[in-house]
Amino acid sequence: MGLLNRLDDPIQGDGIILGTVEDLLNWGRSKSDWYLQFGLACCAIEFMALNAAHFDMMRFGAIPRTSPRQADFIIVSGTVTLKMADRIKTLYEQMSEPRYVMSMGSCANTGGPYWEHGYHVVKGVDRLIPVDVYVPGCPPRPEAFFEGLVKLQKMISTQAIFRKREKMSAEDLAALELRNKKIQEYNERAAQENIEFTNAKHVGYSRYSLDFLNKGEQS
Amino acid sequence: MTEKRIIDVDYSQVDTERMRINMGPQHPSTHGVLRLEVEVDGEIVTDVVPHIGYLHRCFEKACEKMSYPQVIPFIDRMDYIASMNNELPYVVGMEKLMGINVPDRIQLIRMAFAELNRIANHQLAVATFGLDAGAFTPFLYLFRDREMILNLFEKASGGRLLYNYFWIGGLMHDVPPTFKQECLNIISTVRKTNEEVMNLLIGNSIFIERTINVGILPADVAVNFGVSGPVLRGSGLNYDLRRSEPYLLYDKFDFDVVVGKGEMGTLGDCWDRNIVRMREMEESCKIIEQIIANFPDESSDVRALVPRRVKPPKGEIYSKAENPKGELGFYIVSDGTVNPYRMRARATSFVNLSVLPEISKGYMIADLIMILGSLDIVLGEIDR
Amino acid sequence: MTANEIYEKLKSEFGDEIISLTEDAANEAFIVVKPQRIVEICLVLRDDPNFKFDYMANLTGMDYPNNLTVVYHLYSIPLNHRIVLKVELNKENPSVESVEKVWKTANWHEREAYDMFGIIFENHPFLVRILTPYDWEGHPLRKDYKEPETYHGVKIAY
Amino acid sequence: MEQNFLYNWFGDGVITYALLVTIPLVFLLIYALVAILGELKIASWVQDRLGPMRTGWKGVLQPLAEVIKLLQKEDIVPDAANKPLFNLAPYVMFTGAFGAFAAMPFAFNFVPAHLNVGLFYIFAIGAFSVIGIVMGGWASNNKYSLLGAMRGVSQMVSYEIPIALAILAIAALAGSLDLQEIINQQGGGFWNWNIFGGYGSFWKILVIPFTLSLFVIHFVGGLAETNRIPFDIPEGESEIVAGYHTEYSGMKFAMFFFAEYANMFTVSAIIAICFLGGWQSPFGDFLNQPAMQAFWFISKACFLVFVQIWLRWTLPRLRVDQLMYVSWKVMTPLAFVCFVAIAVWSMLR
């Protein structure tokens with residue numbers, strides 16, 4: 001059965017016990033990845049078409065969850081604007097730990113058609129949160145999105161949990177180091193400018209808390 | 001069962017404290033990145049402050065730095081559910097400004113695609129409206145048929161959602177050879193599924209209870225708020241740009257403007273707005289049938305009249321068209337150069353959303369979600 | 001009613017408040033009006049039985065080299081005719097009376113004109129930025145607008 | 001009543017008690033996995049799509065993958081949350097659902113705890129899950145969960161009245177609260193089931209409308225008890241994000257997930273016992289051996305679970321005040337009328 005196909009693989013299989021347990025955990029995590037139900041712009045409509053009957057996303061075990069606590073990976077589908085930047089960061093920080101990010105559409109990858117004149121557009125969501133899979137296209141075709149999803153699942157299923165690190169191929173190792181460095185760097189930046197950025201200081205202003213008018217202190 | 005809602009409970013002796021909930025940019029049913037700051041007294045909504053701008057993509061500033069044809073892909077990305085209809089007012093306005101008269105065949109193609117896009121938009125509107133009420137299955141059925149329409153668009157323009165198909169003076173490509181047959185298939189399937197959705201969702205008594213007498217919008221308040229499209233017609237006002245100021249060949253086709261009559265509950269509630277959209281799909285099917293009936297068979301060169309360099313004379317024009325969501329207008333000011341001096345998009349959802357605080361006071365949170373769903377807003381258009 | 005009739009009637013009623021009427025070759029005509037009594041003019045336009053402009057389609061700002069203009073597109077549903085009003089303001093302190101009392105839709109349009117052009121609308125119920133974040137500097141649609149370098153620690157330029 | 005077959009095999013020792021507890025627990029866990037898979041597959045079948053296909057053969061191992069994944073998730077406890085209540089809530093709700101299995105008769109000789117007030121006990125322990133919801137909603141210090149908790153309380157409390165009346169009517173009909181006794185009286189073919197007025201002369205046709213409406217009331221009340229659409233306002237997905245379990249992640253959320261499915265089976269089991277003749281086979285004495293009896297009981301309960309899932313994917317959701325209106329103004333008076341009619345009938349019979 002395909003479930004534990006890593007067992008008979010001489011290189012990757014890290015012994016019967018540790019290798020199997022790790023593969024089982026990876027298999028569970030990759031096959032039932034719940035995503036956060038959250039769309040930004042035009043890619044969100046293509047995203048809804050993915051959940052519909054024609055291109056059924058649930059075939060991959062991806063069930064929409066409305067609260068970030070229960071979501072495994074967040075799909076940034078659409079243009080990330082500066083006003084939305086704090087929210088995306090808060091959402092990413094609210095998700096529980098083994099979390100992944102898939103940036104769908106060229107707006108989320110690099111700012112898309114708004115790269116030149118978009119004064120209010122963040123040129124790529126990887127300026128805010130570390131991204132695992134980029135799906136190009138504006139909006140990407142559903143098949144392109146599924147290729148990204150399968151790539152994400154493959155990445156999850158080959159992640160190292162126990163002493164698998166030494167056996168990984170050089171290129172996998174480099175990719176893993178790069179990802180950890182990005183997360184490291186992101187954590188430092190978040191910690192260093194913590195006052196300015198991460199807390200919900202800029203949650204927003206309303207007619208009742210009028211002190212936002214005097215620029216000095218904010219509510 | 002639920003008579004007209006009168007919330008005059010006197011809370012004087014009970015010291016209740018208003019709670020302010022933030023239905024933030026990430027909420028399952030705000031149709032995108034809209035933040036509603038809702039002041040709630042228990043479950044009853046006392047005040048709503050919509051905060052928009054989370055998808056402001058600097059459309060108007062970008063237009064001033066681009067040439068006229070370059071603007072069309074950006075217009076698609078404004079109301080990304082009805083992109084064909086978005087391009088229509090801009091293209092018709094520019095042709096009027098530059099004095100190009102497009103042959104009848106191209107006008108018929110434009111009208112056919114605009115009406116197909118209207119059906120696709122209303123399918124999505126009714127589907128998400130059902131989703132807000134908690135019914136998941138109609139969403140799937142309506143989206144299954146939407147795929148058929150998207151396939152036809154993809155054959156014609158190459159894109160599933162954003163097309164850049166209408167050019168100033170013509171079209172990008174000619175229609176696919178099987179255009180007529182596919183339109184007729186689409187119409188027959190749409191009619192079959194709509195009939196099924198009418199029984200499954202619209203006729204469902206729980207859905208009726210959830211939507212009648214909710215978010216009542218009187219006609220005069222609607223006009224004062226500048227609301228347009230199915231939201232205005234849902235309040236019983238017969239105002240449709242295709243009839244009052246006909247563009248393309250709409251005056252040669254007979255279709256009747258669907259107006260809410262308040263059959264269930266009072267006139268102008270969520271149910272009326274929704275039923276207007278369902279019946280407008282039927283009207284669009286009728287129009288497409290008439291277009292297919294007298295559609296010329298021989299294919300003509302669709303790019304004949306497309307100018308090499310679009311340089312309109314100095315002047316300004318406010319061209320508008322009946323978008324599925326309402327009146328979409330483009331105020332184009334040209335100073336004779338290649339770039340437009342000012343491009344102002346009067347977005348329908350931007351105006352339709354401004355009526356939300358007015359009609360959602362005194363209802364419950366679940367009603368607020370239904371009212372928001374019945375306004376059928378799209379955030380790309382609101383924030384531009 | 002054609003644009004000239006509307007212009008004559010307004011001219012007779014308000015005298016020199018109404019400055020000029022220009023008929024553009026391609027399309028509608030627009031009437032230039034002084035900013036001082038804009039609210040009364042709009043009230044007359046809305047309530048007068050032979051005008052009945054009950055539907056304000058669009059209100060927006062324009063940045064011309066020598067002045068800031070506010071453009072009102074009005075339409076009457078019962079009588080099915082359109083007119084465009086223009087009010088010219090100097091660039092130093094562009095401020096005009098808010099017509100929110102006449103058409104409720106002006107509330108959000110004026111907030112956007114303030115956000116994009118910096119035009120102040122007196123006694124507007126809640127004049128605050130609508131599209132850009134609340135603590136954004138500058139008015140983006142002005143011709144002389146320069147993009148900020150970073151916002152909240154995020155680099156803006158590509 | 002018949003002694004439990006475990007006593008004959010292992011005598012009255014620790015082994016029997018251990019087995020009496022583990023058999024229902026193991027059954028419940030397996031059932032919950034099957035129910036999760038059933039929900040996904042039935043939803044996909046109703047919605048004209050495929051559902052999970054890539055885990056094992058045709059997606060059969062999907063619930064297993066979900067459990068393994070939820071085991072690994074980080075267990076976030078919000079710092080502003082009330083820690084003890086927050087951690088306890090899912091387990092309280094699960095005990096509410098699993099507690100009822102103590103008195104659940106699977107066959108004429110297998111019932112974990114043979115209580116002569118079985119029906120009353122099950123109904124009382126059913127109210128336990130309300131405490132779980134309130135605890136979870138209040139402790140997670142989140143406005144949406146608070147709303148979800150308040151809605152959950154008002155819904156569950158007001159739907160226990162019609163269910164109580166339905167159970168009262170069945171107790172009056174059967175003359176006892178002992179579940180085995182109620183089921184024994186429904187023996188001899190499906191015509192003697194309580195849904196058709198229990199055993200009795202030809203005249204019970206007069207009572208059938210009342211018992212049928214009681215069955216519907218109990219089923220609709222059961223739907224509200226398990227927060228299923230059209231009564232799923234405590235976790236109204238489209239209104240208040242994820243209701244009372246918005247702040248839960250990892251294994252605690254899995255416990256809430258399990259509790260919901262376990263609760264579905266408990267409620268369907270009670271309805272099967274009271275109205276559809278528990279482990280009685282529909283063909284009288286044919287196919288009535290103990291093993292087959294357990295099969296009949298589980299298949300009746302699973303059929304009702306299927307109907308609950310099926311309803312979830314067709315109906316929209318009710319609003320809070322309409323929900324209260326249905327319970328207080330429609331179902332309770334109807335339940336009173338049926339109860340009086342059945343009380344009179346059980347006297348005349």
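1. Basis of the note. This is a predicted model, in which local features need pLDDT of at least 70 and side-chain atom pairs count only at pLDDT 80 or more, while totals for chains, interfaces and linings use all residues. Residues are numbered from 1 along each chain as its sequence is written, chains are lettered from A and ligands numbered from 1 in the order in which they are written, and side-chain values use heavy atoms, with hydrogens and water left out.

2. Strand β4 of chain A. Helices (H or I, at least four residues) and strands (E, at least two) are DSSP runs, numbered from the N terminus. In β4(A), residues 100-104, five of the five residues are buried, that is, under 20% relative accessible area with a 1.4 Å probe and protein chains only, where exposed is over 50% and partly exposed lies in between. A:Y100, A:M102 and A:M104 point one way from the strand, whereas A:V101 and A:S103 point the other way. In a regular strand the side chains alternate between the two faces of the sheet.

3. Neighbours of that strand. Two strands pair if DSSP finds at least two bridges between them. Strand β3 (residues 73-77) of chain A runs parallel to β4(A) and is joined to it by five bridges, with A:I74 standing opposite A:V101. Between β3(A) and β4(A) the chain passes through helix α3 (residues 82-94) of chain A in a right-handed β-α-β crossover, meaning that, with the strands pointing away from the viewer, the path from the first strand over the helix to the second runs clockwise. Strand β5 (residues 133-135) of chain A is also parallel to β4(A), through three bridges, and A:V135 in β5(A) is the bridge partner of A:M104.

4. Chain B against chain A. The contact (heavy atoms within 4.5 Å) takes 38 residues from chain B and 41 residues from chain A. The buried area, which is the accessible area (1.4 Å probe) that two parts lose on being put together, summed over both, is about 3,600 Å², with 65% from carbon and sulfur atoms. B:Q26, B:Y54 and B:R57 supply 18% of the area that chain B buries against chain A, more than any other three residues. Two salt bridges are found across this interface, a salt bridge being a side-chain nitrogen of Lys or Arg within 4 Å of a carboxyl oxygen of Asp or Glu; the side chains of B:E154 and A:R141 meet in a salt bridge at 2.7 Å, N to O.

5. Chain C against chain B. Here 42 residues of chain C are in contact with 41 residues of chain B, and about 3,600 Å² is buried between them, 54% of it on carbon and sulfur atoms. C:Y55, C:W108 and C:L131 supply 20% of the area that chain C buries against chain B, more than any other three residues. The interface of chain C and chain B has five salt bridges, and B:R344 forms a salt bridge with C:E112, the closest N and O atoms being 3.0 Å apart.

6. Backbone points to inspect. The peptide bond from A:C138 to A:P139 is cis, with omega near -10 degrees, and A:P139 lies in the loop between β5 and α5 (142-157) of chain A. The bond from D:I229 to D:P230 is likewise cis, with omega near 10 degrees. D:D48, although not a glycine, has a positive phi of about 60 degrees, and D:D48 is partly exposed at a relative accessible area of 40%.
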